Amino acid sequence: MTRTRYALLAAGAVLATLAAAPPATPAWTAAPAAGRPYAYLEGPAGSVLEDTLSVTNPGPRPLTVTLTGDGPAAVAFAARTVTVPARTRADVPFAVTVSAATPPGEHRGTVRASAGGRRTAVDLRLKVSGPRLAALTVEDARVDRATGTLHYTLVNRGSTVLDRPRLAVRADGLLGTVLDRPARALPLTLRPGERAARTEPWPDPPALDSVTVRLTATAPGATPATAATDTVFATGPALAGTAALLLTAAGGAAYTVRRRGPARTKGATA
């Protein structure tokens with residue numbers, strides 16, 4: 001038998017095997033109900049929005065699927081683990097809880113289904129309705145007299161995200177301005193309702209003074225917010241120096257009085 005005949009027989013055997021093999025089973029799928037390309041939900045902050053995820057099992061055996069979700073809002077499924085019978089589709093309801101602090105606008109998340117070592121993701125698009133309001137406050141302002149460090153808290157009181165708010169600092173003492181720091185952007189992003197405790201260094205505060213410190217924060221679209229706090233600086237060396245000056249002044253006054261002596265009355269005899 002020639003090599004050509006062996007090759008033909010081998011090729012025929014392969015073709016026969018392929019013809020006898022059953023067709024491959026399509027993979028399971030997960031998608032929003034009604035064949036939509038992504039899940040779309042719309043509502044105001046503080047609401048609970050509902051949708052349905054369809055999981056299709058075209059295989060010959062039951063399929064157990066685990067469902068998860070993430071994004072700007074909490075995702076809860078009617079069941080986190082679902083067993084889908086063979087050649088069946090299961091529609092699983094899920095709810096998205098939009099917190100009251102979620103700002104108006106477009107947000108994105110993901111719903112995931114995993115089974116048999118495979119995972120598929122479904123795009124979740126959320127539109128939060130409501131007025132857009134930018135509001136910022138400065139709270140809890142105080143001064144650490146030992147180091148001069150300024151402590152304060154920025155609070156987003158509006159319904160929009162505040163990115164890189166600006167802060168200016170000014171301090172006025174008994175004899176004039178002792179600190180004047182122009183506004184600068186802070187490396188900070190505040191979501192609605194979020195608070196951020198921060199500090200500002202003051203490496204050379206006055207040694208002896210009564211000071212009023214004002215912190216002014218600004219953000220695009222928001223009214224400038226100011227917080228003021230009063231403090232008294234009185235370090236040991238400054239107090240000692242002041243006491244020495246007072247004693248010196250008092251001693252000089254006493255010496256002057258002694259030099260002058262008692263006043264004489266006109267007409268008095270020695």
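Reader: Leaving aside neighbours within four places in sequence, which residues is Thr147 in contact with?

Author: Thr147 is in contact with Trp202 and Pro205, leaving aside neighbours within four places in sequence; contact means heavy atoms within 4.5 Å. This is a predicted model, in which local features need pLDDT of at least 70 and side-chain atom pairs count only at pLDDT 80 or more, while totals for chains, interfaces and linings use all residues. Residues are numbered from 1 along each chain as its sequence is written, and side-chain values use heavy atoms, with hydrogens and water left out.

Reader: How far apart are Thr147 and Pro205 in sequence and in space?

Author: They are 58 residues apart in sequence and 8.0 Å apart in space, C-alpha to C-alpha.

Reader: Is Glu200 buried or exposed?

Author: Glu200 is buried because its relative accessibility is 1%; buried means under 20% relative accessible area, exposed over 50%, and partly exposed in between, with a 1.4 Å probe and protein chains only.

Reader: Which side chain makes a polar contact of 2.7 Å with that of Glu200?

Author: That of Arg184. The side chains of Glu200 and Arg181 are also joined by a polar contact, at 2.9 Å. A polar contact is a pair of N or O atoms within 3.5 Å; within protein, one must be able to donate a hydrogen and the other to accept it, and residues adjacent in sequence count only if both atoms are side-chain atoms.
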